[in-house]
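Hi everyone, thanks for making the time this morning. Please have a look at the model on the screen, and I'll talk you through the parts I picked out.

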Amino acid sequence: MENIIVSCKKCKKEVPAESYYCMWCGAPVRKNPKKKMYQRPDGLYEKILTINHKRIAFRGKTEAEVNRKILNYHEAEEKGPLLSDVAWEWREEHFKNITYGTRQSYTKPFKRILEYFDGQYIKDIAPSEIDKFIKYLSLDQHLAYGTVCIPLSVLRMIFNYAVLNDILPYNPTESVTIPKGLKKTKRRAPTEQEIKVVKESIGKPFGLFYFFVLYTGCRRGEVLALQFKDIDYTNKVIHITKSLYFTSRTSELKGTKTESGKRDVPLLDVLRDKLPKGKPNEFLFGGKQPLSRARYVMAFKKYQKETGLEITPHNLRHGYATILYDAGIDIKTAQRLLGHANYQITMDTYTHISISRAQKDAEKLNEFTQTAQNNK
């Protein structure tokens with residue numbers, strides 16, 4: 001064999017066949033029978049394994065180091081990723097497709113999840129552990145029903161992401177529910193005094209915005225997206241076809257919150273007489289361009305400061321629902337006018353108004369009987 005000359009497969013130059021490495025480029029010529037593992041020209045030992053259909057190279061200064069890395073890799077594969085790693089992957093992908101407002105509402109619940117499950121492998125988190133987390137939020141932290149719902153919803157989406165990416169075989173949040181009896185915060189309707197202030201302050205900057213929401217029941221974004229071409233003065237109809245969404249720096253026009261949000265609402269005479277005229281493509285609130293988040297917040301705070309009102313546009317949506325209820329508008333029609341996708345939401349709103357009306361009637365009855373008794 002000493003006299004046999006072969007060509008290096010890499011540089012093609014001639015080298016003795018008994019050589020283990022090419023004298024010109026250092027590429028291996030033949031396997032060293034004394035070595036159990038391949039040693040690269042740079043001196044590192046290397047072993048390539050196919051794991052889960054992937055070729056993975058393990059390298060080290062010694063064969064023992066390579067074997068140790070292989071063992072650690074198998075142990076890590078068996079444990080799977082940390083919940084936090086999967087959560088951040090989900091966040092990066094999911095946040096691309098949701099509005100700025102929704103992202104903001106997920107931020108604090110996401111932080112709570114990372115803090116509670118810090119250092120835990122996602123495969124080790126059982127339904128009982130998730131149930132403890134929900135009870136921790138509701139009982140130990142005394143959070144309201146709606147505030148507990150969002151972290152559970154975010155957790156469900158994270159675990160769904162894990163299932164879809166073959167990290168988990170099933171979603172452990174499916175059997176977890178919110179504890180009963182938690183406080184439910186309802187957005188209240190404006191009081192009679194607050195409605196009076198809204199009517200009287202229509203001439204103030206941004207006063208028309210509040211007045212408009214009260215007599216249309218539109219969402220904030222739907223009102224801010226309105227252009228003069230969307231208002232049909234002749235047929236007394238307002239066409240709701242889009243909504244304005246704030247981002248961290250700009251504002252964007254998109255479709256309504258749900259498909260049910262696309263609707264026509266009556267242009268009531270009480271509102272029609274107060275509306276200004278403008279060019280078709282101009283915005284009712286904003287002019288040639290829609291309001292930015294900064295301009296909206298500044299106008300909103302200035303109006304509240306001048307009027308002393310602390311109600312939000314959503315409170316006024318409930319005020320509009322109350323007007324519908326008092327006018328005898330049936331629930332299905334109210335659902336369409338309010339743009340609710342879910343009939344139950346309208347039903348709950350009407351039920352809440354009904355209970356409030358009953359309480360007021362009871363107070364009036366009590367006051368009447370007391371007055372009658374005192375006049376005897």
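Let's begin at Thr307, where a polar atom of the side chain lies 3.3 Å from the backbone nitrogen of Leu309. A polar atom of that Thr307 side chain also lies 2.8 Å from the backbone oxygen of Tyr303. Please keep in mind that this is a predicted model. Thr307 belongs to helix H10. Is Thr307 buried or exposed? Its relative accessible area is 16%, and under 20% is what we call buried, so Thr307 is buried. If we set aside residues up to four places away in sequence, Thr307 touches Val197, Ser201 and Lys204.

From there, let's go to helix H7, residues 207-214. How much of H7 is covered? Mostly covered is the answer, with 8 of its 8 residues buried. Reading along the helix, these are Gly207, Leu208, Phe209, Tyr210, Phe211, Phe212, Val213 and Leu214. And what do they pack against? On the helical side, the partners are H6 (192-200), H8 (220-224), H9 (269-272), H10 (293-307) and H11 (313-326), and strand S7 (237-240) is a partner too.

That leads us to the largest nonpolar core, which has 36 residues. The members that touch the most others in this core are Phe209, Tyr210, Phe212 and Leu275. At least two residues of the core come from each of H6, H7, H8, S7, strand S8 (243-246) and H10. Which element gives the most? That is H7, with 7 residues. Take Phe212 as an example: beyond its neighbours within four places in sequence, Phe212 is in contact with Val223, Leu226, Ile238, Leu271, Leu275, Leu284 and Phe285. Apart from this core lies another one, of 31 residues, including Val86, Phe117, Ile167 and Leu168.

Now for a residue in helix H5, which covers residues 145-164: Tyr161. Tyr161 counts as buried, with a relative accessibility of 11%. Its contacts, leaving aside neighbours within four places in sequence, are Val86, Glu89, Trp90 and Glu93. Glu89 is 72 residues from Tyr161 along the chain, and their C-alpha atoms are separated by 8.9 Å.

S3 and S4 (residues 45-51) run antiparallel and are joined by 2 bridges. Tyr38 stands opposite Glu46 in S4, and Gln39 has Tyr45 in S4 as its bridge partner. The two strands form a hairpin with 5 residues between them, and in the turn Gly43 has a positive phi of about 95°.

Between S4 and S5, also antiparallel, there are 7 bridges. Here Thr50 stands opposite Arg55 in S5. S4 and S5 form a hairpin too, with 2 residues between the strands, and Asn52 takes a positive phi near 55° there.

As a quick reminder, strands of a sheet pair through backbone hydrogen bonds, either parallel or antiparallel.

There is also an open sheet of 3 strands in the order S6-S7-S10, with antiparallel pairing. Its edges are S6 (231-232) and S10 (263-266); each has a single partner strand, so one side of each is left without a neighbour in the sheet. S6 and S7 run antiparallel, with 2 bridges joining them. Asp232 has Val237 in S7 as its bridge partner.

Last stop: the cysteines. How many disulfides are there? The count comes to 0. Cys8 counts as buried, at 3% relative accessibility, and Cys218 counts as buried too, at 0%.

Conventions
Residues are numbered from 1 along each chain as its sequence is written. This is a predicted model: local features need pLDDT of at least 70, side-chain atom pairs count only at pLDDT 80 or more; totals for chains, interfaces and linings use all residues. Side-chain values use heavy atoms; hydrogens and water are left out. Two strands pair if DSSP finds at least two bridges between them. Helices (H or I, at least four residues) and strands (E, at least two) are DSSP runs, numbered from the N terminus. Buried means under 20% relative accessible area, exposed over 50%, partly exposed in between (1.4 Å probe, protein chains only). Contact means heavy atoms within 4.5 Å. A nonpolar core is a set of buried Ala, Val, Leu, Ile, Met, Phe, Trp, Tyr and Cys residues joined through side-chain atoms within 4.5 Å. A disulfide is a pair of cysteine sulfur atoms within 2.5 Å. A polar contact is a pair of N or O atoms within 3.5 Å; within protein, one must be able to donate a hydrogen and the other to accept it, and residues adjacent in sequence count only if both atoms are side-chain atoms.
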